[in-house]
Amino acid sequence: MFERFTKDARAVVMGAVEHAEGAGTGSVDAEHLLLALLDREAGRASFALAALGLAERGDAVREALGEARRRAGLSQADAEALAGLGIDVSEIVARVEEVHGVGAMSGDRKDKGWWSGRRSFGRGAKEILEKALRIAVARRDRHVGDEHILLALTIRPGVPGEVLADHGVTYESVMRVLYGGGEAKAAG
């Protein structure tokens, strides 16, 4: 599948692996793909993110992803649904962190001596990469670019898509910037 990826898309995947390694996690997930996209300064996805004002708000996105990680990866929608059942996720996180330290629910394994071999791709990252391929095929694009990864992140339920939407980056807004219907259009 990766043979169809552009240089920019491959750089995003490699950046996601680096983020997973830096966090000490055992696998690459969708949030790592988003973090890698935020790091990039070239490519169609970077253009779209800048046009939508996310380039200046990258720190806020990173912070929101970190907060979700502290909640064991629960999205804000998940936390609100649990609150409707009388479960206060913030209180649970606070109690766990009081006993086990900040970030105890994040799943990071920095202090566990995690094997630093090849990182596997978690279900979320695999789904994003598969959706990116499907988006490219549906558009009849010959290659999968970083813009397809961004589009896939906007349509998959979960923390990365929720965080992007909270910052005004939706499937529709990215499509408008990249393929027309708006003032800005990315060069192909």
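Author: The buried residues of helix H3 are covered by, among others, helix H2 (30-39), helix H8 (146-155) and helix H10 (171-179). The model is predicted, and H3 itself spans residues 44-51. Its buried residues are Arg 44, Ala 45, Ser 46, Ala 48 and Leu 49. In an α-helix there are 3.6 residues a turn, so residues three or four places apart point the same way. After H3 comes Gly 53, which has a positive phi, near 80°.

Leaving aside residues up to four places away in sequence, Val 174 touches Ala 48, Leu 52, Leu 150, Leu 151, Thr 154 and Val 169. Val 174 also belongs to the largest nonpolar core, a set of 43 residues. Together with Leu 37, Ile 149, Leu 150, Leu 153 and Val 169, Val 174 is among the residues with the most contacts inside that core. H3 is one of the elements that give two or more residues to this core; the others are helix H1 (7-23), H2, helix H4 (58-70), helix H7 (123-138), H8, helix H9 (159-166) and H10. The largest share, 7 residues, comes from H2.

In helix H7 lies Glu 127, which counts as partly exposed because its relative accessibility is 26%. The side chains of Glu 127 and Arg 156 are joined by a polar contact of 2.7 Å. Glu 127 and Ala 30 are 97 residues apart along the chain, yet their C-alpha atoms are separated by 8.3 Å. Elsewhere, Arg 139 lies over the face of Tyr 179, at 3.4 Å from the ring centre. As for pairs between aromatic rings, a search of the whole structure finds 0.

The confidence of the prediction should be read alongside this picture. The protein chain has a mean pLDDT of 83, with 76% of its residues at 70 or more. Confidence is highest in H8, at a mean of 97, and H8 is one of the helices that cover the buried residues of H3. It is lowest in helix H6 (residues 89-100), where the mean is 65. Over residues 108-116 pLDDT stays under 50, and for this stretch the model has 14 contacts beyond four places in sequence.

How values were computed: Residues numbered from 1 in each chain as written. Heavy atoms only, no water. Buried < 20%, exposed > 50% of the residue type's maximum accessible area, 1.4 Å probe, protein only. Helix = DSSP H or I, 4+ residues; strand = E, 2+ residues; numbered from the N terminus. Contact = heavy atoms within 4.5 Å. pLDDT = per-residue confidence, 0-100. Phe/Tyr/Trp six-rings, centres within 6.5 Å; stacked < 30°, edge-to-face > 60°. Lys NZ or Arg CZ within 6 Å of the ring centre and 35° of its normal. Core = buried A, V, L, I, M, F, W, Y, C linked by side-chain atoms within 4.5 Å. Polar contact = N/O pair within 3.5 Å; in protein donor to acceptor, adjacent residues only side chain to side chain.
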